[in-house]
Amino acid sequence: MLRKAFAGSLLTTALTLGMSAGALAELAPESITTGQLPPPHPYRIYLSDVAIGHIVDGRLHVIDGKRLSYEGIVATGYTGQVTLSADRKEIFVATTYYSRLSHGVRTDVVDVHDAQTLKKTGEIEIPPRHAQSLNYKGTIRASADGRWLFVQYATPATSVGIIDLQTRKAVAEVATPGCWSILPAASVGGRFSTICGDGTLLTVSLDDKGQVATQKRSAKFFDADKDPIFIHGEQDGDTYRFVSFHGDVYAARVGGAVAGFEPAWSILNAADRKQGWRPGGYQLIAQHNASGRLYVGMHDKGMEGSHKTPAKEIWTIDLAAQKRVARTPGTNAIALAVSQGEGARLFAYDGVKAAIAAFDVGSKLSLAGRLEHVGETPTQMELH
Amino acid sequence: MKWLDDLFERKTRTVAQHSSRRGALIRIGKLMVGTAFVLPVLPFDRTAQAAAGAARKAANAKPGETDCEYWRYCAQDGYLCSCCGGSANTCPPGTEASKVAWIGTCRNPDDGKDYLISYNDCCGKTACGRCLCNTNERERPAYRMGVHNDINWCMANDSTMFHCTLAAVVGVADGQG
């Protein structure tokens with residue numbers, strides 16, 4: 001009986017459609033083409049996603065943060081780590097492939113994609129040690145002069161692979177025991193620093209063949225036992241800025257052969273401390289360099305183990321005055337990124353609802369819109 | 001780098017039982033093991049896992065091996081092997097335990113003791129996809145690799161493919177045994 005009624009309703013629908021189609025002009029036959037990204041702009045978002053539910057098949061989501069529309073994808077393989085070239089024309093993905101998907105021969109490569117066409121343009125084989133990590137900015141970085149690509153390796157012994165981007169070859173590997181994350185200098189191409197568990201920075205300087213010229217360890221600048229710093233740092237020239245689990249701000253200068261530091265200070269006042277406000281997330285800070293504003297994902301009632309909690313609020317910190325100037329609802333942010341220069345936009349990845357919130361940056365943050373249903377388990381955004 | 005790999009592997013395996021590093025971990029642990037608070041499960045609990053958690057809370061049952069709030073999962077990050085054909089100390093059939101692991105210190109509410117927990121991944125098959133948990137007590141960034149959970153601990157196995165994570169008791173924290 002039900003089936004009969006369903007068939008009847010289908011027939012009625014078909015008749016109705018047929019009649020209405022007859023009253024309109026026919027659609028012209030369509031030709032199929034491949035779309036193109038709009039010209040590059042500072043609001044293009046590259047959202048790195050290990051997609052843990054099918055982690056062998058990760059992806060980079062490319063999103064237009066101006067129109068808040070989904071633009072395309074780059075396949076990133078197994079725990080692919082992503083960065084853009086210094087000229088922003090290429091996307092580098094350090095990743096792992098197995099000959100039989102989940103087993104067989106392991107091959108690690110840096111896949112190279114064109115950042116405008118999203119087509120793969122080449123690959124560079126690297127030792128099978130790329131860090132199979134959640135996505136963080138410091139797991140792969142290009143040197144400021146575009147000559148080198150630095151790739152974090154872990155076996156879990158830690159080292160950094162040096163890739164010559166002129167010859168497109170892996171040329172060296174620098175052991176960096178007890179240290180993690182790559183912080184390239186802005187003023188010296190062949191130089192990067194890395195954060196060590198003893199509270200120091202190790203600075204590696206290369207010769208023009210990519211081999212180690214010097215390795216120099218800084219003075220201790222934080223205490224990983226008492227108040228560890230989050231691994232994600234924000235860069236302004238040769239200066240990287242970090243926050244600690246308890247809300248202190250640290251700044252490291254990495255232009256020289258040995259890193260130097262500015263005195264640490266707190267973003268919290270007594271009332272904030274009493275309420276247990278703490279920074280939290282993955283890419284939990286974003287910095288707008290020209291205005292000297294630092295945006296920090298914060299949650300209250302913080303405790304041991306709460307350091308990856310999505311933001312209840314985003315705090316705007318004035319770096320020169322060393323004080324908070326605004327508090328904004330946090331949109332469950334686990335990752336933040338802000339465009340530089342005029343007309344800045346802050347993007348917050350909502351780790352609970354899997355969405356991107358876009359804020360126009362003025363004297364305060366104003367929500368410009370959201371893109372829902374994007375990403376699975378991403379932790380990092382990069383802007384063009 | 002093979003020598004470095006071997007060195008680190010031995011060191012990490014030993015961490016759970018003997019090394020001096022254990023002392024440091026436990027010192028941190030003692031400072032930080034607090035009351036039996038329950039942290040939210042973050043940040044990827046928007047699927048079936050969250051629903052299962054809510055159902056259990058409604059029934060007011062004590063957390064068990066397939067719940068993120070189970071005591072020994074205090075620094076868990078990954079799919080619970082208990083939901084994937086294994087248990088809190090057994091890898092699912094056809095997978096292989098990771099050769100290296102991160103270490104947590106969790107308080108067992110039944111005896112009030114703090115235990116060292118070895119969070120081994122089970123390796124060689126693609127992701128299990130059931131019961132994703134992410135708790136982070138005493139977890140630290142990767143410059144403290146032995147207590148870091150944002151990395152694939154199958155990384156030293158022949159197949160580094162991540163399937164699920166278990167949480168095996170390896171001992172009582174110093175001074176309590």
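Tutor: Start with the fold of chain B. In this predicted model, residues 24 or more positions apart make up 76% of the chain B contacts that have a separation of 6 or more. Chain B has three helices and eight strands. From the N terminus, their order is α-α-α-β-β-β-β-β-β-β-β. Of its 177 residues, 53% count as buried.

Now the site itself. The UniProt record, an unreviewed entry, places the feature "active site" at B:Trp102 and B:Asp121. These positions are spread over 20 residues of sequence, yet they cluster in space, with a largest C-alpha distance of 9.3 Å.

Take B:Trp102 first. B:Trp102 sits in strand E3 of chain B, which covers residues 102-108. Is B:Trp102 buried or exposed? B:Trp102 counts as buried because it has 27 C-beta neighbours inside 10 Å, and the cut-off for buried is 20 or more.

Next, B:Asp121. B:Asp121 belongs to strand E5 of chain B, residues 121-123. B:Asp121 has 31 C-beta neighbours inside 10 Å, so B:Asp121 also counts as buried. Again leaving aside neighbours within four places in sequence, its contacts include B:Gly78 and B:Ser98. Further along the chain, B:Asp121 is in contact with B:Asn152, B:Trp153, B:Cys154, B:Phe162 and B:Thr165.

Now the partner. The contact between the chains takes 43 residues from chain B and 46 residues from chain A. On the chain B side, helix H1 (2-15) and helix H2 (20-32) each supply at least two residues. H1 of chain B gives the most to that side, with five residues. By class, the side of chain B that touches chain A has 23 nonpolar, 11 polar and nine charged residues.

Chain A has its own build. Its secondary structure comes to two helices and 28 strands. The C-alpha trace of chain A spans about 80 × 55 × 40 Å along its principal axes. Of the 384 residues of chain A, 49% count as buried. In chain A, residues 24 or more positions apart account for 45% of the contacts with a separation of 6 or more.

Look inside, at the core. In soluble globular proteins, nonpolar side chains tend to be buried together. The largest nonpolar core here has 143 residues. Among those that touch the most other members are A:Val110, A:Val151 and A:Ile163. A:Val296, A:Leu336 and A:Leu346 belong to that group too. Not counting residues up to four places away in sequence, A:Val110 touches A:Val151 and A:Ile163, as well as A:Phe92, A:Val93 and A:Ala94. A:Glu123, A:Ile124, A:Ile126 and A:Leu149 are also touched by A:Val110.

Finish with an exposed residue. A:Ala271 lies in helix H2 of chain A, residues 270-274. A:Ala271 is exposed because it has 8 other C-beta atoms within 10 Å, and exposed means 12 or fewer. From A:Ala271 to A:Lys364 is 93 residues in sequence and 22 Å in space, C-alpha to C-alpha.

Terms used. Residues numbered from 1 in each chain as written. Chains lettered and ligands numbered in written order. Predicted model: local features only at pLDDT ≥ 70, side-chain atom pairs only at ≥ 80, totals over all residues. UniProt positions renumbered as here; feature names shortened; annotations may be inferred. Helix = DSSP H or I, 4+ residues; strand = E, 2+ residues; numbered from the N terminus. Contact = placed C-beta atoms within 7 Å. Nonpolar A, V, L, I, M, F, W, Y, C, P; charged D, E, K, R; others polar. Core = buried A, V, L, I, M, F, W, Y, C linked by C-beta atoms within 7 Å.
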